[in-house]
Amino acid sequence: MPADVYLNVAVGGVLTGLVYGLMALGLSVIFGVVRVVNFAHGEMMTIAMYIAVTLFTAFHLDPLIMLVPIAAVLFAFGYVLQVRLINPFITRPEYSQFLLLVAVAIIIVNLLLIFFGPDAQNVQASYAFDSFQIGALIVDATKLYAGLAAIVVATALFAFFRSTRLGTAIRACADNYTGALVVGLDVKHLYALTFGLGAACVGAAGCMLLLIFDVTPAVGPAYTLLAFVIVITGGLGSMPGALIGGVLIGLTEAMAGLLFTPSAKSMFAFGILVLVLLFRPQGIMGKRAT
Amino acid sequence: MISTLIEGVPRRGLALLGALLVALVGAPLLASDYLIAVLILILYFAYIGQAWNIMMGFAGQLSLGHALYVGLGAYTAASLYVHFGIGPWLGLLVAVPVAALASAFIGFLAFRFRVAGVYFAILTIAVAEFARVGFDHLSWTGGSGGLFLPVAQFTHNDLWHMRGHPVMFYYIQLAATALAFVCCRALLKSRVGYFWLAIREDEEAARSAGIDVFHYKMIAVVISAAMTSFAGVIYAFYYNNLFPEQTFHISRSIEIILGPIVGGIGTLFGPILGAALLTGVAETLTAALAAAGIDLPGAKQVFYGICLLLVITALPDGVWPWVCARIGLGSRKK
Amino acid sequence: MKRKSQSKMARVSRRTFNAGLGAAFVAGTAPFSIVRAQGAALKVGVLLPRSGYQAGIGQDCQRGVDITAGVLKDLGMPSLQLMSADTETNVDVARARAEKLIGEGAQLLVGAFDSGQSSAIAQVAEQKGIPYVINIAAAPPITEQGYKFVFRNFPTAGMILRDAFIDQKQIFAEVGAAPKTAVFMHVNDTFGTAMKGGIGAVMPKFDMPYKIVETIAYDPAARDLSVEISKAKATGADALLMVSRLNDAILLTREMVKQRWTPMAVMSMGPGWYEDQYLKTLSKLSDGPLSFAPWYDPNKKLSKQLDAALANAHPGVNMNVNHVYTFEALLIAADAYKRAGSTDPKALADAIRKTDIKDNVTIGPGIQFDAKGQNDKIIGGGIQNRGGKLITVAPKEAANGKPEWPLTPYDKRG
């Protein structure tokens with residue numbers, strides 16, 4: 001096989017991985033602070049994708065432009081979900097949280113089925129089929145935009161947590177729950193903010209992914225699973241980890257597809273996950289738990 | 001032996017349990033075929049729920065990949081039958097060790113490398129998904145094209161080859177569930193059971209008390225997987241066809257664990273009650289929507305999800321402990 | 001493995017003539033419907049995966065169910081009392097629903113698209129002695145398992161391939177060109193695997209002008225198919241031979257556009273490439289692929305009738321395999337009921353076994369079942385997407401247009 005095939009596949013894998021990473025970022029933020037594993041993560045993303053589809057069909061609004069308002073809607077959704085439903089569960093055992101979010105996921109999937117029907121939907125952005133050619137390298141335009149946007153969103157989030165008072169307060173909650181209570185932080189509100197931020201992240205990711213993939217009500221669970229794989233690989237709770245995990249999984253799947261059979265490529269992703277769990281359970285970028 | 005099993009169980013509890021067993025044994029005399037089909041499903045999920053509960057409810061290890069053991073049991077027994085004509089009961093002698101070995105492998109790696117909590121749960125998902133894609137490519141078992149067993153002729157019941165009428169499967173499943181119930185009770189009353197509970201409550205404390213935590217967690221995982229694989233064997237011979245997508249899929253793993261969580265984790269009767277409630281609610285919702293003239297695909301699942309939400313919010317410990325308190329069965333561990 | 005196409009030509013004209021006569025007769029007697037003479041309507045349970053992972057296909061099949069009553073009435077067929085059930089894309093549910101439908105009095109079952117769910121239903125039907133007509137499911141083992149009450153009016157993987165190769169050769173002859181090499185890409189699910197197995201067995205018998213230089217299998221749940229196209233493009237093959245589903249067909253086309261690869265032809269042997277969603281989503285880019293699939297004969301009278309009914313009930317929906325085979329399954333039920341004159345399941349099953357419907361929708365001489373309950377008379381068609389419409393280009397007797405060849409490069413479509 002000519003060498004440029006490897007290059008093309010590798011670049012494609014890295015870009016897809018970045019978008020996967022952005023989707024997983026939200027999961028990581030939520031777990032890092034609230035310590036709840038969001039089993040409805042992929043389903044929340046499909047909500048954002050359907051909002052984007054609706055806006056595009058009705059008003060011809062580009063998903064990349066609508067990214068911010070849609071992220072805001074998802075933020076509100078996440079905030080309310082945390083305040084109304086999840087808050088009582090943060091001290092409950094994992095299986096209890098798991099069941100709660102599985103129930104939420106079932107409801108989301110089927111409400112979407114009822115309202116939007118089962119057929120795959122997408123948006124026809126003018127640049128949907130563009131690609132850039134640089135020598136032998138062909139780069140998919142939507143993937144490039146999405147990959148860049150993923151880096152921007154991740155950086156913004158990182159800056160928020162590092163340099164704002166609110167971000168510092170949230171990190172304090174994550175590091176020491178009781179301590180945060182003692183110094184008088186409104187932990188419930190901060191948790192809800194965090195869940196909202198995580199939801200906003202996945203909402204933004206949904207807008208970009210819509211340019212690359214179609215949405216059906218049933219795709220949610222698959223994305224939830226993918227987000228897990230990435231986040232655990234990169235390090236649960238670590239923001240750069242989510243992006244690096246995404247890139248690693250994207251690249252692994254791409255190369256495995258090229259070198260072996262594409263139908264078995266997810267096996268390699270799960271294989272990496274198992275290896276990471278065993279040899280570096282805190283993930284590539286995660287801090288060793290004390 | 002029997003006296004230790006029933007020791008400490010209120011009389012009323014024993015009487016109710018006996019009545020339930022009699023009712024279930026007699027059910028095929030009165031129940032319609034449809035009801036039998038639903039009861040088989042309930043017993044099937046109750047049985048696997050029991051098996052899963054050993055790992056989670058007793059020893060505190062959250063597995064989200066139990067479909068792996070169902071699938072391994074199903075595929076091993078079915079392949080032996082299709083390729084070598086070896087019947088399910090002999091096949092069990094291979095299927096159970098295969099599932100037990102797989103679980104021992106996962107358990108060994110996980111506990112050796114101290115993978116715990118959410119991470120352990122994700123590890124179990126990963127291995128099950130790995131197996132799903134792997135079986136998709138295993139041509140000896142039909143790959144993604146599916147494995148088809150020669151179809152049962154329903155003229156007579158052949159228990160030895162598990163070919164026959166659903167009522168036969170009903171009794172096989174009922175016996176398995178009853179046996180699992182008794183085994184779980186025995187395990188819980190044994191030394192192992194006490195160590196499990198100690199590990200579940202506080203692993204570090206158990207370790208410092210001198211319990212070989214690794215050893216006892218391994219026992220829980222292996223027993224749970226071995227029991228689950230038997231359900232897989234029944235599944236294979238009841239449906240007569242297997243597809244990796246349907247057998248190993250994560251949605252199957254989730255289905256398995258809903259029952260025991262709703263019923264009451266760590267209780268003996270919880271998985272049975274949970275399975276009955278969930279299957280019952282699903283069937284009732286279907287019937288109710290049909291009666292109301294609502295033909296809206298997805299509506300049933302929305303209501304089902306709301307029911308789950310209500311139960312887990314209102315009764316975080318599950319339905320069975322709540323029922324116990326209501327009907328005056330003081331002991332939660334019947 | 002050769003179809004006798006001359007004799008069929010002869011039969012077509014004879015059938016068309018008879019059909020015309022029949023229709024005239026039916027139209028004349030329609031007010032005095034035969035239905036009432038037979039008493040109650042036949043209770044038919046229809047099982048489809050209308051929610052869950054296969055909801056899209058299940059609901060599309062349901063469109064075929066929706067338009068059936070009207071068309072059957074026009075044909076003077078006895079009316080059916082349809083009892084719908086949703087299998088939720090789950091075998092457990094499929095089995096329980098089948099039991100429930102029979103418990104509620106269903107005298108015949110129809111469904112269920114998916115091979116696994118269909119197998120689960122088949123066992124219930126067989127045990128109860130209730131006839132079961134499978135609308136769609138291509139896994140060969142279903143009719144090889146020894147059922148007596150299970151019928152399948154859908155081609156097996158081997159039949160689909162046989163007709164695909166015959167039709168391809170016809171097209172190659174017609175356009176005076178043929179690919180020398182091809183990449184075979186297939187989805188790794190039940191259907192894809194059955195087709196892959198079939199290719200090894202069937203293709204050597206046809207002396208095809210191309211040889212398969214590489215086989216690429218991909219995951220049915222794949223979200224990204226860029227690697228697959230890179231791999232296919234790197235082989236430099238003339239043609240892309242496909243077995244896929246809908247979403248992956250769309251993804252693959254997009255990748256071909258983005259990676260700037262236009263093969264001489266895309267020849268699909270299954271669903272996806274002709275479906276409405278594909279045409280709508282890709283618009284101009286959807287033109288050109290050839291699909292070799294179980295298909296309707298656009299020249300048959302009943303096809304036109306069904307198409308009109310569909311256009312009426314669901315405007316803008318192109319008629320496809322899902323509607324056609326779901327309708328035919330119900331047609332078989334009504335026809336058997338008419339001939340059996342009773343709702344007794346055994347009599348119905350006997351009547352289905354003797355089914356001989358000449359005036360049907362799909363390509364081929366009509367509907368008949370062999371000893372295993374398989375309609376082995378079905379003939380697949382070759383269709384091409386052109387401007388959002390589907391043109392039947394093969395076999396000749398069913399064609400309503402000529403094939404366009406080769407594929408217009410994706411970057412030269414304005």
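Reply: The questions below go through the chains, their contacts and their sheets.

Me: What kind of model is this, and how are things numbered?
Reply: This is a predicted model, in which local features need pLDDT of at least 70 and side-chain atom pairs count only at pLDDT 80 or more, while totals for chains, interfaces and linings use all residues. Residues are numbered from 1 along each chain as its sequence is written, and chains are lettered from A and ligands numbered from 1 in the order in which they are written.

Me: What pLDDT does chain B average?
Reply: The average for chain B is 91, and 96% of the residues score at least 70. pLDDT is the predictor's confidence in each residue, from 0 to 100.

Me: Which elements of chain B have the lowest and the highest mean pLDDT?
Reply: Helix α1 (residues 2–6) of chain B has the lowest, 70, and α4(B) the highest, 96. Helices (H or I, at least four residues) and strands (E, at least two) are DSSP runs, numbered from the N terminus.

Me: Where does B:Leu64 lie?
Reply: B:Leu64 is in the loop between α3 (33–58) and α4 (67–84) of chain B.

Me: Why does B:Leu64 count as buried?
Reply: Because B:Leu64 has 26 C-beta neighbours inside 10 Å. A residue is buried if 20 or more other C-beta atoms lie within 10 Å of its own, exposed if 12 or fewer, and partly exposed in between, with C-beta atoms placed from the backbone.

Me: What does B:Leu64 touch?
Reply: Leaving out residues up to four places away in sequence, B:Leu64 touches B:Ala121, B:Thr124, B:Ile125 and B:Ser253. Two residues are in contact if their C-beta atoms, placed from the backbone, lie within 7 Å.

Me: Switching to interfaces. How many residues does the contact take from chain A and from chain B?
Reply: 30 from chain A and 37 from chain B. On the chain A side, α4 (94–116), α9 (220–234) and α11 (265–279) of chain A each give two or more residues. The largest share of that side comes from α4(A), with 13 residues.

Me: And the classes on the side of chain A that touches chain B, what are they?
Reply: There are 23 nonpolar, 5 polar and 2 charged residues. Ala, Val, Leu, Ile, Met, Phe, Trp, Tyr, Cys and Pro count as nonpolar, Asp, Glu, Lys and Arg as charged, and the others, Gly among them, as polar.

Me: How many residues of chain B are in contact with chain C?
Reply: 25 residues of chain B are in contact with 30 residues of chain C. The largest share of the chain B side, 5 residues, comes from α3(B). By class, that side has 11 nonpolar, 10 polar and 4 charged residues.

Me: Back to chain A. How do α1 and α8 of chain A cross?
Reply: The axes of helix α1 (residues 3–34) and helix α8 (residues 187–212) of chain A come within 8 Å and cross at roughly 170 degrees. Axes are lines fitted to C-alpha atoms, for helices over the stretch in contact, and angles run from 0 to 180 degrees between N-to-C directions. α1(A) and α8(A) are therefore roughly antiparallel to each other; angles under 35 degrees count as roughly parallel, over 145 as roughly antiparallel, 65 to 115 as roughly perpendicular and the rest as oblique. The residues of their contact are 20 nonpolar, 3 polar and no charged.

Me: Last one, chain C. What is the order of the 5 strands in the open sheet with parallel pairing?
Reply: The order is β2-β1-β3-β4-β5 (chain C). β2 (80–86) and β5 (150–152) of chain C stand at the edges with a single partner strand each, so one side of each has no neighbour in the sheet. Strand β4 (residues 132–134) of chain C pairs with β5(C) over 3 bridges, and C:Val133 stands opposite C:Phe151.

Notes: Two strands pair if DSSP finds at least two bridges between them.
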